[in-house]
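Visitor: I have a protein model here and some questions about the terms used for it. Please show it first.

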Amino acid sequence: MSRSSEEIVRFRAAATLATLTALLVPTTVAHAADPGEDVTLPVRDALATLTVADESREGYERTKFKHWVDADRDGCHTRSEVLLEEAVTPPEQGARCTLTGGRWYSPYDDRYIEGPRTIDIDHYVPLAESWDSGASAWTPAEREAYANDLDDKRSLIAVTATSNRSKADQDPATWMPPAAGYHCAYATTWVTVKTRWKLAIDPAEATALTSTLNECPNTPIEVELAR
């Protein structure tokens, strides 16, 4: 074989290898920059795009996040909207969106709950945690939108009052749901909400999320940026 023929063969082999490599590498959408744009990334990649920074709770007051509001003026405020959306057995809806009966499932502690009285609506990323990781710089309107986010069903969740109050304002570095089988979904949703609202994570939080997600499927997240 002539030298020129060898070079041609090597060139073709290199081109074939490059093509195969491109086919084998997962395709992701780059982290979008503007509100309303969509992000699609494997959850570990999404975690890697979050800013890691120390947190500060200075100036936090829960009243700086106006909730629950009736944004669409249909008579049901945000809490009731979530209860109606997530009910396993629909409750009866009375005057002024008063809810009675019904049944819900709380994935935090793998329990079913009868009636709405012992259910809390949890902000997946707590209000205080959002303040610590970026919301302190938001406008009041942005904080209200965050506290009542019905545009992404993962932002708010109906759970037992016991599990919600155990969680309080903690992040995954210090609290995970009692139901171990829900840990992967919890960490994935936490990253999704932080991505949606462009919130930072602190070093301990980053370590905890990385440790959990390394034991989970690298599930793609799809989310529309809120800001």
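Visitor: Why is the disulfide of Cys184 and Cys216 called left-handed?

Guide: The torsion about its S-S bond is about -90°, so the link is left-handed. The model is predicted: local features need pLDDT of at least 70, side-chain atom pairs count only at pLDDT 80 or more, and totals for chains, interfaces and linings use all residues. Residues are numbered from 1 along each chain as its sequence is written, and side-chain values use heavy atoms, with hydrogens and water left out.

Visitor: How do you know that Cys184 and Cys216 form a disulfide?

Guide: A disulfide is a pair of cysteine sulfur atoms within 2.5 Å. The sulfur atoms of Cys184 and Cys216 are 2.0 Å apart, so the pair counts as a disulfide.

Visitor: Why is Cys184 called partly exposed, and what makes Cys216 buried?

Guide: Buried means under 20% relative accessible area, exposed over 50%, and partly exposed in between (1.4 Å probe, protein chains only). Cys184 has 28% relative accessibility, so Cys184 is partly exposed. Cys216 has 5%, so Cys216 is buried.

Visitor: What makes Cys76 and Cys97 a disulfide?

Guide: Their sulfur atoms are 1.9 Å apart, and that value is within the 2.5 Å cut-off. The angle about this S-S bond is 95°, and the link is right-handed. Cys76 and Cys97 are both buried.

Visitor: How many disulfides does the structure hold, and which pattern do they follow?

Guide: The structure holds two disulfides. With bonded cysteines counted along the chain, the pattern is 1-2, 3-4.
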